[in-house]
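Thank you for letting me take a few minutes of the meeting.

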Amino acid sequence: ADSFSNSENNGAHKKGYYLSIGAGVNAYNDIDWEDTIAGTKYTGDVGIKDAYSAELGVGYEFGNNTRAEISYVRGGGEVGDTNISGGSTFTVDGDVVTNSVMVTGYLDFPLGNSDITPYIGAGVGATFIDADEVTVAGVNLGEGDETVIGYQIKIGGTYNLNLTTDLYAEAIYTGNDEVDLAGVEYDPVSALGGRLGVRFRF
């Protein structure tokens, strides 16, 4: 009977399309904000907790250790307490959801006959931010949404399971431009996250 070795095919993927599915968590940096109420300017910062992320993409392998991918990325979480300049802290309730369409390029680094292939990636696209019914200290500020430029930087590793399937793990840094939601101006939002996933070549 013929034997099969993953390493015989690792790093030598043919040209072709693939489907990528991944999910994980995000850790958002605190976001600085600014608002003017009754002529008085207020500033502070707010956090996002219990954050998640998921990505669904279609890519193409060019056969020279480079790949290109277009993907739908969803993330978000609950808005945490907000701190206001001067030391006051208010309880904030509400959810923030981001939906992005990204175009990402990847560079793979095959390790000889190893089944593991490190890679790096960088992408840019459009991020749709939606804040749903944000309440500060019991006062409903309403909801808001805006579309801004988003980007992502990745470093990860692929495990070659067989000729058609890869498993991967990656660390991702994501960010987007400053945004105005429900009349409040927020500095650029950024997050560091981790994701596990699978790719199917066809």
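Let me start with a definition: a residue is called buried under 20% relative accessible area, exposed over 50%, and partly exposed in between, using a 1.4 Å probe and protein chains only. What we are looking at is a predicted model, in which local features need pLDDT of at least 70 and side-chain atom pairs count only at pLDDT 80 or more, while totals for chains, interfaces and linings use all residues. Residues are numbered from 1 along each chain as its sequence is written, and side-chain values use heavy atoms, with hydrogens and water left out.

By that definition, tyrosine 60 is partly exposed, because its relative accessible area is 25%, and tyrosine 17, at 48%, is partly exposed as well.

Now to the rings, where two rings of Phe, Tyr or Trp (its six-membered ring) pair if their centres lie within 6.5 Å, and planes under 30 degrees apart count as stacked, over 60 as edge-to-face and the rest as tilted. How many aromatic pairs does the structure hold? There are four, and one of them joins tyrosine 17 and tyrosine 60 edge-to-face, with 4.8 Å from centre to centre and 65° between the planes. This pair links distant parts of the chain, since tyrosine 17 is in strand β1 (residues 16–28) and tyrosine 60 is in strand β3 (residues 40–61), 43 residues apart; strands here are DSSP runs of E with at least two residues, numbered from the N terminus. Ring pairs also bring in Phe62, so that Tyr17, Tyr60 and Phe62 are linked into a cluster.

Another pair, tyrosine 151 with tyrosine 173, is tilted, at 6.3 Å centre to centre and 40° between the planes. Here tyrosine 151 lies in strand β9 (residues 144–160) and tyrosine 173 in strand β10 (residues 165–176), 22 residues apart. Tyrosine 151 is partly exposed at 33%, and tyrosine 173 is partly exposed at 33% too.

Finally, let me turn to the arginines. A charge sits over a ring if NZ of Lys or CZ of Arg is within 6 Å of the ring centre and within 35 degrees of the ring normal. The charged end of arginine 67 sits over the ring of tyrosine 106, 4.3 Å from its centre, and arginine 67 also lies over the face of tyrosine 119, at 5.2 Å from the ring centre. Arginine 201, in strand β13, is buried, because its relative accessible area is 14%.

Technical notes: Helices (H or I, at least four residues) and strands (E, at least two) are DSSP runs, numbered from the N terminus.
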